[in-house]
Amino acid sequence: MADRKDWIIAVSSSDGDGASLTRFYGSEDEIKKLLLSNVRNDRSNDDDFDYGTEELEHIESDCPGMFRAYSVFSGYHIDYVAQEFATIDFVNHISNV
């Protein structure tokens with residue numbers, strides 16, 4: 001069985017406010033399939049798709065523990081990022097404000 005990990009998924013749209021964050025437990029292959037499923041679901045709700053991630057092999061990985069996908073529509077774009085929870089930096093202090 002593939003090594004399963006804890007993932008944080010961030011989805012942000014240039015047309016909206018902020019990002020939505022969700023959590024997933026699964027393998028690297030499963031997280032890539034989930035990202036692609038989210039991409040395809042968003043595209044099914046908008047006929048103005050221009051270009052973006054369309055296949056599993058097009059999901060980008062800039063560094064270990066992170067995967068990216070995207071969709072560009074005529075008036076906005078959506079970014080999908082999955083980050084392995086264990087690779088997220090821990091903040092252990094607060095600077096003076």
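Does Lys5 count as buried or exposed, and at what relative accessibility?

Reply: Happy to. This is a predicted model, in which local features need pLDDT of at least 70 and side-chain atom pairs count only at pLDDT 80 or more, while totals for chains, interfaces and linings use all residues. Residues are numbered from 1 along each chain as its sequence is written, and side-chain values use heavy atoms, with hydrogens and water left out.

Lys5 counts as buried, at 19% relative accessibility. The cut-offs are these: buried is under 20% relative accessible area, exposed is over 50%, and partly exposed is in between, with a 1.4 Å probe and protein chains only.

Now for the partners of Lys5. Its salt bridge is with Glu28, and the closest N and O atoms are 3.3 Å apart; the rule asks for a side-chain nitrogen of Lys or Arg within 4 Å of a carboxyl oxygen of Asp or Glu. Lys5 belongs to strand 1 and Glu28 to helix 1, so the pair ties together parts that are 23 residues apart in sequence. Helices (H or I, at least four residues) and strands (E, at least two) are DSSP runs, numbered from the N terminus. Glu28 itself is partly exposed, at 34%. A network of salt bridges links Lys5, Glu28 and Glu84.

The residue before Lys5 makes a link too. Arg4 forms a salt bridge with Glu30, with 3.5 Å between the closest N and O atoms. This pair also joins distant parts of the chain, 26 residues apart: Arg4 is in the segment before strand 1, and Glu30 is in helix 1. Both partners are partly exposed, Arg4 at 33% and Glu30 at 32%. By the same rule, the count of salt bridges comes to seven.

Ser27 is buried, at 7% relative accessibility. Beyond its neighbours within four places in sequence, Ser27 is in contact (heavy atoms within 4.5 Å) with Ala2, Asp3, Arg4 and Trp7.

What does the helix do next? Helix 1 has 17 residues and spans 25 Å from first C-alpha to last, close to the expected 24 Å, where the expected span is 1.5 Å times one less than the number of residues. Its buried residues are Ile31, Leu35, Leu36, Val39 and Arg43. These cover an arc of only 135° around the axis, which puts them on the same side of helix 1; the arc is that of the directions from the helix axis to the C-beta atoms. The buried residues pack against strand 1, strand 2, strand 3, strand 4 and strand 5.

Those five strands form an open sheet in the order 2-1-5-4-3, with antiparallel pairing; two strands pair if DSSP finds at least two bridges between them. Strand 2 (19-26) and strand 3 (49-52) stand at the edges with a single partner strand each, so one side of each is left without a neighbour in the sheet. From one strand to the next the twist averages 20°, with axes being lines fitted to C-alpha atoms, for helices over the stretch in contact, and angles running from 0 to 180 degrees between N-to-C directions. Helix 1 (residues 28-44) packs on this sheet, and its direction makes about 10° with that of strand 4.
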